Amino acid sequence: MSTAPVVEQPNLPRWQSIALLVGAIGIAICLAGLAFETTRVHVFRAWLVGFCLTVGIALGSLVVLMLQYLTGGDWGFILRRPLEAATSTMPLVTLFYLPLALVLSSLYEWADPAKVEADPHLQHKALYLNVPFAWIRAGIYFAIWNLLAFLLNRWSRQQDTARDMAIHKRCEALSAPGMVLYVLTITFASVDWVMSLEPEWFSTMYGAMFGMGQVLSGFAFAVAMLVLLSRRLEVGQLTGGNNLRDLGSLLLAFVMVWAYLSFSQFLLIYSGNLPEEVPWYIYRFEGGWKYLGLMLVIFHFALPFVLLLSTNVKRNRAMLASVALLVLLMRAVDLLWLIVPAFHHNSEAVNPPLGARLIYVAALVGMGGIWFAYFLMQLQRWPLAPAFNPYAEGAVHGAVAGH
Amino acid sequence: MIPQELPPYGLVAEFDSAQALVVAAEKARDAGYQKMDGYSPFPIEGLMDALGHKANILPLLVLIGGVVGGLIGYSLQYYTSIYSYPLNVGGRPYNSWPMFIPVTFECTILGAALTAVFGMLGLNGLPEPYHPLFHVERFALASRDRFFLAIRAVDPKFDLIQTRKFLESLGAKEVTEVPQ
């Protein structure tokens with residue numbers, strides 16, 4: 001492993017420039033949207049969707065990174081560098097949150113003093129749902145996530161040169177409490193940022209569903225990146241048949257858990273049939289949103305599920321990468337479907353005008369592009385395969401046995 | 001007594017290591033042998049490929065078993081809720097399909113799992129209380145620390161003398177003729 005030849009990085013800087021350019025265009029369209037009274041509010045909402053997508057990939061990668069430290073195994077070793085690069089985008093994602101913190105009152109009813117005044121329910125919940133406390137909580141979440149990402153990355157670098165089993169043990173020791181911290185923080189964060197868009201509505205499944213969506217985003221992104229990068233020698237030799245098959249099986253498992261949690265929430269609300277719970281789905285079945293919902297059932301669950309059952313698909317690089325990218329695209333659709341219909345008080349949420357739709361696409365592409373460029377920058381700073389790992393022999397063996 | 005007029009079952013070669021077995025199987029496959037099998041105390045990664053194992057119909061059977069299980073699960077609930085005992089629950093339609101999905105899913109898994117277990121047993125011809133290889137005394141070591149490669153006499157390329165020479169050339173510790 002240590003003697004893996006250093007290969008020049010032919011296309012990554014080029015990808016980075018393209019991503020940066022596309023991202024800048026998307027952000028520029030969003031900024032232009034701010035200038036108009038009619039589209040301004042859509043820019044805020046679109047920014048929330050884009051923020052949730054990028055923070056989801058970064059945090060999901062953090063979870064998978066901690067998971068592979070806790071479970072071991074070849075699949076984690078070969079995924080480690082893409083995962084690490086994705087987690088080290090945490091500062092950028094934190095930056096993405098700042099504009100949102102300033103426009104809370106345009107997005108959340110509980111942050112708008114006039115609306116709180118008029119609604120006794122909101123006054124009731126004001127102890128938790130108020131602007132200063134929301135800022136403090138966000139500060140705590142980001143502090144924890146940035147620290148976890150920073151430490152795991154730093155120690156992994158040290159391990160490359162020190163080749164010390166003690167550092168590996170330290171990563172494992174941090175990952176266990178890190179996992180618990182993630183579950184706690186994402187449960188509260190999902191309430192603060194997304195569920196409280198409709199402060200009258202509640203679902204105990206929400207945090208788990210939202211968090212699982214993030215894990216799926218992070219994993220699908222890392223798998224797609226790994227396959228795209230595997231043309232390069234140093235990771236290419238590690239991504240043979242059996243390693244790819246394991247990654248495909250895990251992707252299948254994550255897709256199924258996401259579907260299980262999402263469907264469970266629907267089933268519980270359908271069975272309960274309570275007037276305070278059901279409207280959440282009614283808004284999401286209105287107008288064009290029902291087609292997006294149907295898309296989720298087919299392309300976020302059914303198609304990846306059927307494809308990933310087949311060993312041949314899981315062993316085929318192009319097929320596996322396509323399925324992972326499809327899942328990632330559907331993550332964006334899922335977030336749109338979760339977030340935008342929440343603004344049902346405004347009729348434009350059911351059937352947004354063309355300009356507004358353009359802004360949602362621009363924000364997703366823009367923030368995604370900037371994020372991806374930053375990710376590529378982080379990825380190129382270190383060799384694509386970690387230099388030291390107690391399981392490295394296994395990773396190479398798995399690749400060879402697959403052929 | 002073993003009736004002498006029957007042709008032999010084949011030849012079995014004994015190896016010391018899993019690696020030796022895989023290499024031998026690969027060479028035998030490349031030499032054109034098809035009717036052969038490997039025996040070892042534990043699963044060996046890559047042995048199936050080395051033996052020239054081809055895809056079988058079990059995955060297809062499991063898929064069919066799953067689909068049939070799911071259909072049975074859904075039909076059971078559909079029949080119960082619509083024909084046998086229609087009950088108005090909270091004003092929902094009798095055919096409340098979201099409520100039927102968990103049971104349908106479980107029945108799909110049940111159908112697929114049962115098909116996988118019994119299909120595997122059936123396709124392998126198990127249970128099989130008698131096997132010609134049991135005549136070879138040392139074959140008992142296949143469940144301890146030895147690795148065996150058997151080439152059957154029905155293989156078109158099989159020849160008692162040539163195949164024995166071939167197996168010996170692969171570094172087998174011992175090659176034994178297996179009576180029928």
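Q: How many residues does the contact take from chain B and from chain A?
A: Eleven residues come from chain B and ten from chain A, where contact means heavy atoms within 4.5 Å. This is a predicted model, in which local features need pLDDT of at least 70 and side-chain atom pairs count only at pLDDT 80 or more, while totals for chains, interfaces and linings use all residues. Residues are numbered from 1 along each chain as its sequence is written, chains are lettered from A and ligands numbered from 1 in the order in which they are written, and side-chain values use heavy atoms, with hydrogens and water left out.

Q: What area do chain B and chain A bury between them?
A: The two chains bury about 880 Å², 62% of it on carbon and sulfur atoms. Buried area is the accessible area (1.4 Å probe) that two parts lose on being put together, summed over both. Glu45(B), Arg92(B) and Pro98(B) supply 52% of what chain B buries against chain A, more than any other three residues.

Q: How many salt bridges are there between chain B and chain A?
A: The count is zero; a salt bridge would be a side-chain nitrogen of Lys or Arg within 4 Å of a carboxyl oxygen of Asp or Glu.

Q: Why is Pro13(A) called partly exposed?
A: Buried means under 20% relative accessible area and exposed over 50%, with partly exposed in between (1.4 Å probe, protein chains only). Pro13(A) has 37% relative accessibility, so Pro13(A) counts as partly exposed.

Q: Where is Pro13(A) placed?
A: Pro13(A) is in helix 1 (residues 12-34) of chain A, a helix being a DSSP run of H or I with at least four residues. The C-alpha atoms of Pro13(A) and Leu376(A) are separated by 7.8 Å, although the two are 363 residues apart along the chain.

Q: What makes a set of residues a nonpolar core?
A: The members are buried Ala, Val, Leu, Ile, Met, Phe, Trp, Tyr and Cys residues joined through side-chain atoms within 4.5 Å. The largest such core has 131 residues, and Phe51(A), Trp145(A) and Trp371(A) are among those with the most contacts inside it. Helix 2 (residues 37-71) of chain A gives the largest share of this core, 19 residues.

Q: Which residues does Trp145(A) touch?
A: Not counting residues up to four places away in sequence, Trp145(A) touches residues including Val55(A), Leu59(A), Met90(A) and Trp193(A).

Q: How many of the 403 residues of chain A count as buried?
A: The share is 55%.

Definitions and conventions:
Helices (H or I, at least four residues) and strands (E, at least two) are DSSP runs, numbered from the N terminus.
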